[in-house]
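Colleague: I would like to learn how to read a few backbone and packing features. Could you take them one by one?

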Amino acid sequence: MIDLRSDTLTKPTSAMKEAMMEAPVGDDVFGEDPTINTLERKVADFFGMESAIFCPSGTMTNQIAIRVHTAPHTEVICDEKSHIYLYEGGGIAYNSFASVRLLHGDRGRITAEMVQDNINNPDDVHAPISTLVSLENTMNKGGGCVYDFKEIEKISSLCKDKNLKLHLDGARLFNALVTTGDDPKKYGQNFDTISICLSKGLGCPVGSLLLGTQEDIKKARRVRKVLGGGMRQAGFLAAAGIYALDHHINRLQEDHDRARKIANALEGLSFVDSVLPVETNIVIFKLSNNALSVDFVNKLKQKGILAVPFGKHDVRFVTHLDFDDDMLEDLIKKLKAI
């Protein structure tokens, strides 16, 4: 099967597994796992931030950040396509008792002007207090599109001026960095907290990190414990992250190149109405003649291709570490034969 459902489906490489098995470990709840400590320091330094905490998933790191930055009767400002709103099980309400102000951005990317127009008057008792702005880069539902960093700087400046916190869901941030060449430390200068995933483009089996100030990460450790995220000898998992950071970042360009080739092949095919612009490793296309994505995905499965419905008439492909050029050639051949 050619599996393009997600970049979370990768298996550890042989070299990554070797690094995992050789990792020194300890009890992380006691702060005594040397490999986790090394990973947290490595990622914090990479983005120029004070501290980091290792967690099982990106949903957990996002939800911890929201819990740290909000309180009941407060509000999170984000785009309507945001992962924190659509795909985290209603966690903002359940974990933080916070409200959500949804914006309609450009494929999920919002602007400083939009944020400005949606900040509530803190003296109006009818409205929740605007406390946190959350961005997502790359934007999953927007076809893996990337923020212009100048707009991020404008949003950051506005948040500082209005005393709002700024969080980044950077599940695929490394894909964005490879595409733009932006300095990762500038991200650390503009966001209060950043969530990154190791289990997507970087090919690790498990793991995400939340980055922030020492004070915020100290709070985050307490929230992680309450959520059941305190792990023990998890250095075996952290070792995969260290290996990925050293060996798997630059190769993300290969995933991007293959995604563009898929998009080029899809354009003009009879069953395709349109394809979102491809900037990184996600390809989203709309089916023609109002065909249902569920039916089309089942048809693809019969031909040995796995994808996910991404809306009533939309289908998503995601390229990744385990999808190579031979699979790409086979995929394009099968798509053109439909």
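Colleague: Where is the place of Thr138?

Modeller: Strands and helices here are DSSP runs, numbered from the N terminus: helices are H or I with at least four residues, strands are E with at least two. Thr138 sits in the loop between β5 (129-136) and α7 (149-161). A cis peptide bond joins Asn137 and Thr138, with omega about 5 degrees. This is a predicted model: local features need pLDDT of at least 70, side-chain atom pairs count only at pLDDT 80 or more, and totals for chains, interfaces and linings use all residues. Residues are numbered from 1 along each chain as its sequence is written, and side-chain values use heavy atoms, with hydrogens and water left out.

Colleague: Which value does phi of Phe97 take? Is Phe97 buried or exposed?

Modeller: First the scale: buried means under 20% relative accessible area, exposed over 50%, partly exposed in between (1.4 Å probe, protein chains only). Phe97 is not a glycine, yet its phi is positive, near 55 degrees. Its place is the loop between α5 (91-96) and β4 (99-103). Relative accessibility is 57%, so Phe97 counts as exposed.

Colleague: And Arg107: buried or exposed?

Modeller: Arg107 counts as buried because its relative accessibility is 18%. Arg107 also has a positive phi, about 50 degrees, although it is not a glycine. It is found in the loop between β4 and α6 (112-116).

Colleague: How do I read a sheet? What is the strand order in the open sheet of 4 strands?

Modeller: Start from pairing: two strands pair if DSSP finds at least two bridges between them. In this open sheet the order is β9-β10-β13-β12, with antiparallel pairing. β9 (272-275) and β12 (308-309) stand at the edges; each has a single partner strand, so one side of each is left without a neighbour in the sheet. β9 pairs with β10 (residues 282-287) over 3 bridges, in the antiparallel sense. There, Val275 stands opposite Phe285 in β10.

Colleague: Which strands does helix α13 touch?

Modeller: Contact means heavy atoms within 4.5 Å. Axes are lines fitted to C-alpha atoms, for helices over the stretch in contact; angles run from 0 to 180 degrees between N-to-C directions. Helix α13 (residues 293-302) packs on the sheet and touches β10, β12 and β13. Its direction makes about 40 degrees with that of β13. Helix α12 (residues 252-266) lies across β9, β10 and β13 (314-318), at about 15 degrees to β10.
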